[in-house]
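Work through the exercises below with the model open. Try each task before reading its solution.

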Amino acid sequence: MPKLPYERPTLRRLTAAPLAKFGPQAGPRPVAELEGVPVPELLARFGSPLFVLSERQLRRSYQAMHRAFGTRYPRVQLAWSYKTNYLNAVCRVFHQEGAWAEVVSGMELEKALANGVPGPQILFNGPGKTLADLRRAAEVEAIIHLDNADELHRLLDVAAGRPHRPRVALRVNLDAGIFPQWDRFGFNLENGQAWQALQQVAEASDRLELVGLHCHLGTFILQPAAYGAAAAKLAALALRCQQELQLPIGYLDLGGGFPSQNTLKGSYLPGPDAVPPLDDYAAAVADALLGAGFRPDALPLLVLEAGRALVDEAGYLLGTVLATKRLADGRRATVVDFGVNLLFTSYWYDHHISPVRAASGQTEATVLYGPLCMNIDVLRESISLPPLVAGDQVVVHRVGAYNMSQWQQFITLRPNVVLLDTQGQAHVIREAETLEYLQQNERVPAHLVSEQ
Ligand SMILES: *Cc1c(COP(=O)(O)O)cnc(C)c1O
């Protein structure tokens, strides 16, 4: 027998797929299609990367939220939070389902109007309303959620010259047991600011019509009890308004902030195991409102401004592997064609990411990088994936909230966004950007235009 050539022994640290109690760890299951439409087909037709929104899931999430609250409290109205995803097609799905609009800028107000939402069904929040915004809101009879005393005074000026009293609600911030407390928006309850503002509104009731009280606790709130506490405090404030100021309160708006099923960075459990069911939130709110002491025939309307919880699940980001490599410390790294500029929420979430085809080979902890020439472009610090190769495709799940409004045009152009309708037909709802689009507002001064 010939002597075999010498081979240097190597040591390789097993960083993934150790035997767990139930056998070898499985990697993420491949996801080859979205609602029956093959992912490779979508990418071939619309390019990579690609955002996909499922109309069916948008409607399902809306109906689930409405059902959770509506089966426990008789008067419920949802108002779609525009900033969470203001692609018109998405907004229109929610408006078709019956949602009002919740906007936080003059631009969003115009968008809601253009989407056919009647002014009185637009709730105008935010700390940045300009004089022009207030005039426009009063003109179209949107409901203005007062954030601060300066805004109240500006609105009183605007109201002075108008035939109808602008309708307002007071944004209140309060201690519901959430830390850190969002006390920068609205008037504080516990220190008396909110009551003082309500007295001012009462004194100006010839110029303003108070119709509601509002409170938005924060975002991705994992404690249903906080909503119960907020509802109880708002309800008590509403009753006091009626009794002491003779101001009847038409609605209590508990804002948004309900979590999606995403996994927060640092969370021990995956999102679907860590996030309480919507029913728990609805039960906490309904119990508080029904026990607050309103006359049964005079229950205020309950308004909810859910954003994330309605749209996250419906969004997918599809992309393609550009390269793989080993880092200096031996870790596997994979570069895909979408970066943190498109997937803004990767700063907070450990997104669930699936390969499209079943790859053989051991899963391994991988760093997932985007294509930007920036060190911060890390989509996942460590994700267990089978050995992907250039050209392989991946699906990122639960990306519907905030990414398509907070995305940045940076280094690359933003890609197509398609809506899969309930029949599985794909519609482009935002076209991929072009260099021409990007430069259409640029101007080059004459002295920089070359003569040659
Ligand atoms: C952003 C925002 C919402 C939606 O918040 P989510 O956490 O996405 O549900 C609702 N109301 C107000 C006032 C907001 O600023």
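This is a predicted model: local features need pLDDT of at least 70, side-chain atom pairs count only at pLDDT 80 or more; totals for chains, interfaces and linings use all residues.

**Exercise 1: the ligand site**

Task: find which residues are closest to the ligand.

Solution. Residues are numbered from 1 along each chain as its sequence is written, and side-chain values use heavy atoms, with hydrogens and water left out.

**Exercise 2: polar atoms at the ligand**

Task: state how far a polar side-chain atom of Glu305 lies from a nitrogen atom of the ligand.

Solution. The distance is 2.7 Å for Glu305. Next, take the backbone. A polar backbone atom of Gly307 is 2.9 Å from an oxygen atom of the ligand. For a polar backbone atom of Arg308, the distance to a ligand oxygen atom is 2.9 Å. Then check the cover: the protein covers 94% of the 390 Å² of accessible area (Shrake-Rupley method, 1.4 Å probe) that the ligand has on its own.

**Exercise 3: aromatic rings**

Task: count the aromatic pairs, then classify Tyr347 and Trp348.

Solution. The structure holds 12 aromatic pairs (Phe, Tyr or six-membered Trp rings, centres within 6.5 Å). Tyr347 and Trp348 have ring centres 6.2 Å apart and planes at 85°, so they are edge-to-face; planes under 30 degrees apart count as stacked, over 60 as edge-to-face and the rest as tilted. Elsewhere, ring pairs link Phe69, Tyr227, Phe258 and Tyr281 into a cluster.

**Exercise 4: charges over rings**

Task: find which ring the charged end of Arg240 sits over.

Solution. Apply the test: NZ of Lys or CZ of Arg within 6 Å of the ring centre and within 35 degrees of the ring normal. Arg240 sits over the ring of Trp195, with its charged end 3.7 Å from the centre. The charged end of Lys129 sits over the ring of Phe124, 5.7 Å from its centre.

Conventions. A residue is near a molecule or strand if one of its heavy atoms lies within 4 Å of it. A polar contact is a pair of N or O atoms within 3.5 Å; within protein, one must be able to donate a hydrogen and the other to accept it, and residues adjacent in sequence count only if both atoms are side-chain atoms.
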